[in-house]
Amino acid sequence: MIKLLENIHNKIESGVRISDAEALSLFECDDLLAIGELAALANRRVNADKVFFNVNRHINYTNICINRCTFCAFSRENEGEDGGYTLALNEILSRSAEASAAGATEIHMVGGLHPNLPFDFYLEMLAAIKADNPSLHIKAFTAVEIDYFAKMTEQSITSVIGQLQAVGLDSMPGGGAEIFATEVREQICPEKISGARWLEVIEEVHQCGLKTNATMLFGHLETLADRVDHLSKLRQLQDRSGGFQAFIPLAFQPDNTRVPGAKGVGGVDALKTLAISRIYLDNFRHIKAYWVMLGLKVAQVSLAFGVNDIDGTVVEEQIGHDAGADSPQQLNKEQLIELVRKSGRQPVERDTLYNELKAY
Ligand code: V47
Ligand code: SF4
């Protein structure tokens with residue numbers, strides 16, 4: 001094991017990427033602190049002491065979804081079901097205006113695959129938000145939704161993206177990737193597009209000039225080899241497109257879900273997964289700890305495990321909280337700054353495209 005860690009240390013120092021077999025050995029290694037040190041070294045080489053955060057607001061316009069993934073406690077079959085909803089345009093606009101007034105630079109919008117909302121609903125939504133808040137960056141839709149719009153309108157991904165960009169889409173978040181392994185997907189999201197299709201859609205999105213993030217849902221039925229396979233496919237796509245900004249491992253929240261035998265993710269697994277992501281994904285500049293799913297304490301400690309981004313203020317989060325996340329609904333800017341400062345690192349407010357707005 002010492003030899004493995006030494007070899008990886010040398011690779012990081014000389015800018016050589018680690019292999020899939022080495023990543024798997026790291027997942028199987030119990031020396032959490034040694035893995036954390038390696039990840040911190042890899043991170044320091046590109047990001048020095050800086051930890052980014054942004055001021056943002058999440059808006060989930062609908063939880064009605066035809067997919068009904070078994071890990072998802074957020075979705076409902078229709079508006080008549082308890083908790084089912086679709087936000088009216090004026091509600092979406094008032095939340096966007098509130099976000100702007102509170103100093104947000106980004107709104108993050110994703111939702112379920114609604115069986116009846118036409119593509120025009122989404123075009124009008126973006127156009128209206130942009131008209132009211134021209135400087136607000138709209139980061140919206142997962143690859144799963146983009147594929148759905150393309151099928152619904154019988155258009156190509158490029159054409160759908162072109163129309164969304166024309167009315168204000170600025171970038172895309174990284175959701176819907178889950179875990180690429182087919183056998184696991186069959187159990188946790190049988191109706192969702194395949195992992196291969198997710199990668200294909202995102203590659204086209206990158207070719208249209210839009211940046212996206214990438215996620216991995218972990219801690220459910222996947223094996224450690226499935227995690228390495230997921231990271232490997234992302235690293236290969238990033239080599240081709242260069243369109244990913246941040247990688248975000250999402251810790252599975254089990255409450256109210258239908259994944260058999262599902263348990264929550266422990267702190268050791270969460271920290272190890274973030275650290276190995278940093279070491280393996282040498283072509284991703286940013287590794288994000290999404291505090292909503294990790295909890296504030298693990299997210300803060302993760303800053304010593306290769307993480308350089310702590311996400312944002314969020315304001316209102318449903319996907320993780322419906323599944324039992326016990327983190328707060330929102331953090332203000334001062335709380336984010338304090339959380340980073342107390343870890344001995346330098347808090348930097350960024351915009352969605354990682355332009356530095358202010359260092360604290
Ligand atoms: O795609 C659903 C996940 C994702 C659960 O790109 C769950 O900046 C844990 O992608 N337990 C949506 N996760 C959230 C997301 C995201 C969040 C923050 C930042 C960014 C970004 C992206 O949430 C879904 C799915 O993978 N999810 N249910 C659950 N029970
Ligand atoms: Fe629908 Fe997304 Fe929930 Fe799956 S994770 S059921 S696609 S909202």
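Where does ligand 2 sit? In this predicted model, ligand 2 sits in the largest cavity. Ligand 1 also sits in the largest cavity.

The shell around ligand 2 is made up of Cys-65, Asn-67, Arg-68, Cys-69, Phe-71, Cys-72, Ser-75, Gly-112 and Lys-192. By class, 4 of these residues are nonpolar, 3 are polar and 2 are charged.

Ligand 1 is surrounded by 22 residues. The closest are Lys-139, Gly-174, Gly-176, Glu-178 and Lys-288. The shell divides into 11 nonpolar, 7 polar and 4 charged residues.

Oxygen atoms of ligand 1 take part in contacts with both backbone and side-chain atoms. A polar backbone atom of Gly-176 is 2.8 Å from a ligand 1 oxygen. For Gly-175, a backbone N or O atom lies 3.4 Å from an oxygen atom of ligand 1. Lys-288 contributes through its side chain, with a polar atom 2.8 Å from an oxygen atom of the ligand. Ligand 1 on its own exposes 610 Å², and the protein buries 95% of that area. Two elements give two or more residues each to the ligand 1 shell: strand E6 (212–218) and strand E7 (244–251).

Two residues in helices were also examined. Lys-130 belongs to helix H5, which spans residues 119–132. Is Lys-130 buried or exposed? Lys-130 counts as buried because its relative accessibility is 18%, and the cut-off for burial is under 20%. The side chain of Lys-130 reaches the backbone oxygen of Leu-136 at a distance of 2.8 Å.

Met-152 is part of helix H6, which covers residues 143–153. Its relative accessible area is 34%, so Met-152 is classed as partly exposed. That value falls between the limits of 20% and 50%. Met-152 and Pro-118 are 34 residues apart along the chain. Their C-alpha atoms are separated by 8.1 Å.

In summary, both ligands are placed in the largest cavity, as shown for ligand 1 and for ligand 2. The protein buries 95% of the area that ligand 1 exposes when taken alone.

Key. Residues are numbered from 1 along each chain as its sequence is written. Chains are lettered from A and ligands numbered from 1 in the order in which they are written. This is a predicted model: local features need pLDDT of at least 70, side-chain atom pairs count only at pLDDT 80 or more; totals for chains, interfaces and linings use all residues. Side-chain values use heavy atoms; hydrogens and water are left out. A residue is near a molecule or strand if one of its heavy atoms lies within 4 Å of it. A polar contact is a pair of N or O atoms within 3.5 Å; within protein, one must be able to donate a hydrogen and the other to accept it, and residues adjacent in sequence count only if both atoms are side-chain atoms. Accessible areas come from the Shrake-Rupley method with a 1.4 Å probe; for residues, only the protein chains shown count as cover. On a 1 Å grid over the protein atoms alone, a cavity is a set of points where a 1.4 Å probe fits but cannot get out, and a pocket is an open set with protein on both sides within 12 Å along at least five of seven lines; lining residues have an atom within 4 Å of a point. A molecule sits in a cavity or pocket if more than half of its atoms lie within 2 Å of its grid points. Helices (H or I, at least four residues) and strands (E, at least two) are DSSP runs, numbered from the N terminus. Ala, Val, Leu, Ile, Met, Phe, Trp, Tyr, Cys and Pro count as nonpolar, Asp, Glu, Lys and Arg as charged, and the others, Gly among them, as polar. Buried means under 20% relative accessible area, exposed over 50%, partly exposed in between (1.4 Å probe, protein chains only).
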